[in-house]
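Please look over the sequence and the model shown here before reading on. The briefing then goes through the structure topic by topic.

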Amino acid sequence: MNILILTSRFSYPIHSGDTLRVHNIAMELSRSHNVTLVSIDGDGVELNGDDLPYECFSFNMAKTERLKGVASSIIRLQPIQYGYFDSLEFRNWYKLNKARFQGVVVHLSRLSNLVNPQDFSISVLEYTDCLAMMYSRAIKRLGFSIKQLLYRYESLVILKSDIK
């Protein structure tokens, strides 16, 4: 089976728990399947060859694309995180390549809007990151500020999204 793994952070070099987690998932799945790991937040790096038993590459997003995505999310009452990672380059790649894959693993709920689970025989949302809870805790520590207002907005909107 060909499996697409989608993550928000480029997994190499391994520098934190979430990159290690994604790497281990990809390694385990690649024992029996053809795995392609795609990162939305990389620098356009492509890793192939003897080092990894799976294909690995990333899409880099310009700050202007991120800002447009964030503004669009706010207008549509969607989580800011969705807009922050809404890569046009990835969406175009996905349209061209989704038929290659029978399964998808989306690491973190902030990327769940980028793929349609119905495009695959198997779809897994791996590790919902409880952003609403994290934002709610941060709001209590912050005084009145733009950041606090954004966190309030995001905690409400993402909670609705996580419940779906």
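This is a predicted model: local features need pLDDT of at least 70, side-chain atom pairs count only at pLDDT 80 or more; totals for chains, interfaces and linings use all residues.

The protein has 6 helices and 6 strands, and 43% of its 164 residues are buried. Its aromatic pairs number 9, and its salt bridges number 4.

**Overall layout**

- Read from the N terminus, the elements follow the order β-α-β-β-β-α-α-α-β-β-α-α.
- Helix H2 covers residues 63-75, and helix H4 covers residues 88-97.
- Strand S4 spans residues 55-58, while strand S6 spans residues 122-126.

**Aromatic rings**

- A pair of aromatic rings is described by the distance of the centres and the angle of the planes.
- The structure contains 9 aromatic pairs. In one of them, the ring centres of Phe57 and Trp93 are 5.4 Å apart and the planes stand at 70 degrees, so this pair is edge-to-face; the cut-off for that class is over 60 degrees.
- Phe57 belongs to strand S4 and Trp93 to helix H4, so their pairing ties together parts that are 36 residues apart in sequence.
- Phe57 is buried because its relative accessibility is 8%, and the limit for buried is under 20%. Trp93 is also buried, at 14% relative accessibility.
- Trp93 pairs with Phe101 as well: the ring centres are 6.1 Å apart and the planes are at 45 degrees, so this pair is tilted. Trp93 and Phe101 are both buried.
- One aromatic cluster is formed by Phe57, Phe59, Phe90, Trp93, Tyr94, Phe101 and Phe120.
- Arg66 lies over the face of another ring, that of Tyr84, at 4.2 Å from the ring centre.

**Salt bridges**

- Arg31 and Glu28 form a salt bridge in which the closest N and O atoms are 3.5 Å apart. Arg31 is exposed, with 66% relative accessibility.
- Arg91 and Asp86 join through their side chains in a salt bridge, at 2.5 Å from N to O. Arg91 is partly exposed, at 27% relative accessible area.
- Asp119 and Lys98 also form a salt bridge through their side chains, at 3.8 Å from N to O. This pair links distant parts of the chain, 21 residues apart: Asp119 is in the loop between strand S5 (103-107) and S6, and Lys98 is in the loop between H4 and S5.
- Asp119 is partly exposed, with a relative accessible area of 29%. Lys98 is partly exposed too, at 30%.

- Ser73 sits in helix H2 and is buried, with 0% relative accessibility. Its side chain reaches the backbone nitrogen of Gly83 at 2.9 Å.
- Leu77 lies in the loop between H2 and helix H3 (80-84). Leu77 is exposed, at 62% relative accessible area.
- The phi angle of Leu77 is near 55 degrees, which is a positive value in a residue other than glycine.

**Surface patch**

- Where is the nonpolar patch formed by Met1, Ile122 and Val124? The patch is on the surface, and its residues together have about 240 Å² of accessible area.
- Ile122, one of these residues, is in strand S6. Ile122 is partly exposed, with a relative accessible area of 43%.

Notes
Residues are numbered from 1 along each chain as its sequence is written. Side-chain values use heavy atoms; hydrogens and water are left out. Rings of Phe, Tyr and Trp (its six-membered ring) pair if their centres lie within 6.5 Å; planes under 30 degrees apart count as stacked, over 60 as edge-to-face and the rest as tilted. Helices (H or I, at least four residues) and strands (E, at least two) are DSSP runs, numbered from the N terminus. Buried means under 20% relative accessible area, exposed over 50%, partly exposed in between (1.4 Å probe, protein chains only). A charge sits over a ring if NZ of Lys or CZ of Arg is within 6 Å of the ring centre and within 35 degrees of the ring normal. Patches are made of residues with over 30% relative accessible area and no salt bridge: like charges are joined within 9 Å, nonpolar side chains (Val, Leu, Ile, Met, Phe, Trp, Tyr) within 5 Å. Accessible areas come from the Shrake-Rupley method with a 1.4 Å probe; for residues, only the protein chains shown count as cover. A polar contact is a pair of N or O atoms within 3.5 Å; within protein, one must be able to donate a hydrogen and the other to accept it, and residues adjacent in sequence count only if both atoms are side-chain atoms.
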